[in-house]
Amino acid sequence: MTETTTAQQFWDTFYDDRDSAAGKPNALLVREVASLTPGTALDLGCAEGADALWLAELGWQVTAADVSATALRRAETHAAAKGLTGRIDWQRHDLARSFPAGVFDLVSAQFLHSPVAASGERENILARAAKAVAPGGLLLVVGHAGWPSWLREPPADVHLPTTAEVLGSLDLEPGRWQVELEELLERELTGPEGESGVRKDNVLRIRRAR
């Protein structure tokens, strides 16, 4: 990776080097959203579409955005195979430079971390995400809060923000939002070489007033 590597170049290479697989939806998204009444949803950093497909199957009308053209092509194929083409609008965005139009009942940012993001980029994207939440709607931000336990030398120059730091960067209108959940949890995971371990993640669920 060089200093001139763009986000699209990085993530297209990432997916080109891997077999196509939509995978399973993020477990914390499922936990927080499964019981909600479907409406409109925005999935930021949708990758090959696992979250968007799951939401569409529940009845949500989904706008799904990612910077990688490769990932989006694969996501469209997965959606067609499930008969969900009409329920998902796939859009290519480098979210630091462009953003889907409209407001949504649910805006989901699941592990929106990138090794090629500039300083402050994630915070700016999440602030725009908050502005895309419709009155009465929900912003759900799930992020890593620590490195996997099997990683012996984690990057020293990468900061994983707390929920308090995320909240402080969102530029929320005073009195117009309610924090419904602010949680730090530790989950068991299996590493790339089959290692058993744990990783800390955090969940922030906030609702805009009607």
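**Quick notes on the fold and helix α3**

1. Contacts first: of those in the protein chain with a separation of 6 or more, 73% link residues 24 or more positions apart. Bear in mind that this is a predicted model.

2. As for the secondary structure, the protein chain has 6 helices and 7 strands. Going along the sequence, they come in the pattern α-α-β-α-β-α-β-β-α-β-α-β-β. The radius of gyration is 17 Å, close to the 17 Å from the globule rule for 210 residues, so the chain is as compact as a globular protein of that length. The C-alpha trace spans about 45 × 40 × 35 Å along its principal axes.

3. On burial and surface: 44% of the 210 residues are buried. The protein chain exposes about 11,100 Å², with carbon and sulfur atoms supplying 49% of that area.

4. Now have a look at helix α3, residues 50-58, which is mostly covered, with 7 of its 9 residues buried. Those are Ala50, Asp51, Ala52, Leu53, Trp54, Leu55 and Ala56. Note that an acidic residue, Asp51, is on that buried list.

5. What do the buried residues of α3 pack against? Two helices are among the partners, α2 (27-33) and α4 (69-81). The strands β1 (40-44), β2 (61-66), β3 (88-92) and β4 (104-110) are partners as well.

6. One backbone detail to check on screen: Gly59 follows α3 and has a positive phi, near 110 degrees.

Conventions. Residues numbered from 1 in each chain as written. Predicted model: local features only at pLDDT ≥ 70, side-chain atom pairs only at ≥ 80, totals over all residues. Heavy atoms only, no water. Helix = DSSP H or I, 4+ residues; strand = E, 2+ residues; numbered from the N terminus. Rg over C-alpha atoms; globule rule 2.2 N^0.38 Å. Buried < 20%, exposed > 50% of the residue type's maximum accessible area, 1.4 Å probe, protein only. Contact = heavy atoms within 4.5 Å. Areas by Shrake-Rupley, 256 points an atom, 1.4 Å probe, with all protein chains shown as cover.
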